[in-house]
Amino acid sequence: MKTIKGPAIFLAQFAGDEAPFNSLDAIGDWVASLGYKGVQIPSWDARLFDLAKAAESQDYCDEVKGRLGAKGLEITELSTHLQGQLVAVHPAYDVQFDGFAAEHVRGDPKARQEWAVDQLKLAAKASKRLGLNAHATFSGALAWPYVYPWPQRPAGLVEDAFEELARRWKPILDTFDENGVDLAYEIHPGEDLHDGATFEMFLERVGDHPRANILYDPSHFVLQQLDYLAFLDIYHERVKCFHVKDAEFRPSGRMGVYGGYQSWVDRPGRFRSLGDGQVDFAQIFSKMAQYDFAGWAVLEWECALKHPEAGAAEGAPFIADHIIRVTDKAFDDFADSGSDREVNARIMGIGA
């Protein structure tokens, strides 16, 4: 078995225009001071990282790794969550998602999608140059507006949407395969890949592509009321990335899973800082050890109540305390009396 790596932190929720959050060196010093050993880098944030340059320049990648390494940090994965979202956008969300794209493709859905696909392919090349073996992203969504079937969906609508989603992603998956990197889709409401069933639908349509994998984040399963421990039992072989994020679900007589259009503070389902929600991380880390997860435990901080800097400070020791140093021996080895085939035969009463 392998001991999970960590603690690490996803930088997206912390990057900003004020020091120490406005450059990779400064934010690196900050997270290292909190006890983190790895950083997951949002590839769309030019304050922290130049994706196009990383895809083409080994010197740049070596420089970035070296600067972080001097602080005791490793890069866990690159993230293209925003670009991945733009690979498949339903027209209902054109206006909201336009801000995720580069300015020169905004207002042009076709150009925006082509730009997003190119971004993913750059990320595959950059990941290889950085020596990474996994990458974090979103799938985007064409069928999400029809998740609750009223009025009844036309026959074949969901199937056609997943065929199109697979058609768009297959060349990207092939590029990741050429670069030896697993693409891990965060299973997330708002994406067409939002639970196990939808992941299987997609996987079937990309021919069980070996690079089509999962970013596991239990918080999104709490809000769906999906069994996040059983999910690991079923899909552990495809889990290549891990966001450590907490959540709670407290339904009332007024609201349930859909949240009544309320703010995050007032919804029954809320993301919380680590340890403040309902996720059973002791069992999750046990299953990660059981199933030999070889990746990083990465804090993704989101909370409607707590200050982000407090959440980050608490997150590193929380993750460190939950990482299981796996054993290389059985607990009852002390009682091993030794054996051979003859002794086994005698124990069973079988003639040697």
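**Group meeting: a walk through the model**

Hi everyone, let me start at G35, which touches P7 and A316, leaving aside residues up to four places away in sequence; contact here means heavy atoms within 4.5 Å. This is a predicted model, where local features need pLDDT of at least 70, side-chain atom pairs count only at pLDDT 80 or more, and totals for chains, interfaces and linings use all residues. Residues are numbered from 1 along each chain as its sequence is written, and side-chain values use heavy atoms, with hydrogens and water left out.

Back to G35: you'll find it in the loop between α1 (24-33) and β2 (38-42). Helices (H or I, at least four residues) and strands (E, at least two) are DSSP runs, numbered from the N terminus. G35 counts as partly exposed, at 35% relative accessibility; buried is under 20% relative accessible area, exposed over 50%, and partly exposed in between, with a 1.4 Å probe and protein chains only. G72 is 37 residues from G35 in sequence, and their C-alpha atoms are 9.5 Å apart.

Now, on to α8, residues 196-205. Which of its residues are buried? They are G196, T198, F199, F202 and L203. They cover an arc of only 160 degrees around the axis, so they sit on the same side of α8; that arc is taken from the directions from the helix axis to the C-beta atoms. Their cover includes α7 (157-178), β5 (182-186), β6 (212-216) and α10 (228-235).

Just after the helix, G207 has a positive phi of about 65 degrees.

H194 is buried, at 13% relative accessible area. Its contacts, again without residues up to four places away in sequence, include W144, F221 and Q224.

The axes of α10 and α11 (residues 281-290) come within 10 Å and cross at roughly 5 degrees; axes are lines fitted to C-alpha atoms, for helices over the stretch in contact, and angles run from 0 to 180 degrees between N-to-C directions. The two helices are therefore roughly parallel to each other. Y228, L229, L232 and D233 in α10 meet Q283, I284, K287 and M288 in α11.

Thanks, all!

Note on methods:
Angles under 35 degrees count as roughly parallel, over 145 as roughly antiparallel, 65 to 115 as roughly perpendicular and the rest as oblique.
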